[in-house]
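Have the sequence and the 3D view ready as you read.

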Amino acid sequence: MYKDTLLFINGTWREGRDGKSENVLNPANGQVLGTVANASHSDLDDAIASAQAGFQVWRKTSGEDRAAILHKTAALIAERSNEIATLMTLEQGKPLAEAKGEMERVVETFTYNAEAATKIAGQNYDPPGGAFRQSVRPEPLGVTVGLTAWNFPAILPARKLGPALAAGCSMILKASEETPRTAAELVQALHDAGLPPGVVNLVFGTPSEVSSTLLAADPVRKVSFTGSVPVGKLLAGLAAPGLKRLTLELGGHAPAIVCEDADIEAATAALTGFKFRNAGQVCIAPSRFYVHERHYDAFVDAFVSAANSQTIGDGMDPATSFGPMANERRVEAMEQLTEDARAKGAKVLTGGKRHGNQGYFWEPTVLTDVPDDARVMNEEPFGPIAPIARFSELDEVIPKANGLPFGLAAYAFAGSSDTVSYLADHLEAGGVAINAVTPMRADTPFGGMKDSGIGYEGGMEAIESYMHKKLVSTGL
Ligand code: NAD
């Protein structure tokens, strides 16, 4: 059922002009699933021309007509979601149930953006004096570029395509070469729903070549990227000469604070569940645990037992709760972070090694006595490693929680309403969840602070980021 993925340019699937392609691997066993075509420079030029033509059609389409196509897309994706989830698990590794959950969020995202497309409205002003009238008209920016990573092969593209199309922009999407089929299925659904040719184009290739070509192109007015901080900074540099608008959803290193008055059972259930989802490859996953000394031993025991009770295996096996990492690079990163922590005095209570002899499996890992200068306390682990530290005073731990250059997500568990509001006030993160591990939603804006990003995805804020507000003044 796994097909090779081609480029989608001007409403047609095609090979790259140079005939280049690369293999797509199944992370559960390292075997080749198929190939993905790579775009040459001239394919990218075609994609830009196609997106320019597509924009001229789409910008004139009414909000209701854009909504109808996005609703139809949501319906087609809902019909095909089991099949797409299976392709996702094959190429990315996550357990099939998680892939199905991701598909539900994709349907919600297209549905939300369909509804929102009908609500984009300008405003009229009648300045005093009566000499002129003013109106503010939201207009789509033009050709946009979406660049997405491999950890959520469906929802990351959906969070770019949905608002861009609702706004009336065209988009050239470069999804991850490691998980191309899932993105291709979303694009196919848009096409089948009646999206005019050129409005969405899908390309793959050498990421640095694709992004430098697309971001240098005059017609491209905006880029939205989800991925690592270093690549986000590189793209900001590429966007600067042409002053392209930017949305950057980058990495984080989310602190999770368990306070003295927390409900420890609720805290451990929520945090262990979230930590090991998608083998820890979630930008908002809790990744540094600070636990009050009163609960420390119980929390560590619960974490070790949650780690040991994972059923590790191929995500296609319904019994699997914990799949492989998406690629060999992540396993190597886990090895390096664990070794560094161990060398600096950390204890590895469970895990800390590869699992099995095929695919990219890393065991769920719990570390204690990790010094603050260990790499895992400072660099985004993006994997299933839980470093747990103890604290006695909340005032000591807030500066540590806020002390990194990241500011994406932060979690805390606390009992009294005073502590809850103190935490909400003092944690520096794009999203703070207290007594909860709130997921990103289609209808609410979410974005990082500091190195974790620029701008928002979700909600009307995402759609507005694809629009210019034109001020029109008319003399009377
Ligand atoms: P990476 O930094 O090489 O790449 C991250 C993503 O950016 C990939 O999808 C890649 O294809 C893309 N990319 C790389 N260079 C690019 C370029 N010049 N232009 C355009 N796109 C480019 O690292 P990686 O090994 O793929 O991922 C590891 C790190 O990425 C993790 O440690 C994590 O911090 C981060 N990451 C974050 C998210 C997120 O949701 N914010 C998602 C995936 C990865």
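## A hairpin and its turn

Strands E5 and E6 form a hairpin, with six residues between them. In the turn sits Gly 129, which has a positive phi of about 105°. Strands (E, at least two residues) and helices (H or I, at least four) are DSSP runs, numbered from the N terminus. This is a predicted model, where local features need pLDDT of at least 70 and side-chain atom pairs count only at pLDDT 80 or more, while totals for chains, interfaces and linings use all residues. Residues are numbered from 1 along each chain as its sequence is written, and side-chain values use heavy atoms, with hydrogens and water left out.

E5 covers residues 123-125 and E6 covers residues 132-140; the two pair in the antiparallel sense over three bridges. Pairing here takes at least two DSSP bridges between the strands. Gln 123 faces Val 136 in E6, and Tyr 125 has Gln 134 as its bridge partner.

## The sheet around it

What else does E6 pair with? That would be strand E22 (residues 467-475), again in the antiparallel sense, over nine bridges. Arg 133, for instance, has Thr 474 of E22 as its bridge partner.

Put together, you get an open sheet of three strands in the order E5-E6-E22, with antiparallel pairing. E5 and E22 are at the edges with a single partner strand each, so one side of each has no neighbour in the sheet. On average, neighbouring strands are turned by 20° against each other, direction ignored.

## Two helices crossing

Now look at helix H2 (residues 63-92) and helix H5 (residues 180-192): their axes come within 9 Å and cross at roughly 160°. Axes are lines fitted to C-alpha atoms, for helices over the stretch in contact, and angles run from 0 to 180 degrees between N-to-C directions. That makes H2 roughly antiparallel to H5, a label for angles over 145 degrees.

Who does the touching? On the H2 side, the contact (heavy atoms within 4.5 Å) includes Leu 70, Ile 77 and Arg 80. On the H5 side, Pro 180, Glu 185 and Leu 186 are among the residues involved.

## Two domains

How is the chain divided up? The domain assignment, automatic or from a database, gives domain 1 (7-250 + 452-475) and domain 2 (254-441). Their centres, taken over C-alpha atoms, are 31 Å apart. The contact takes 24 residues from domain 1 and 28 residues from domain 2.

Technical notes
Parallel < 35°, antiparallel > 145°, perpendicular 65-115°, else oblique.
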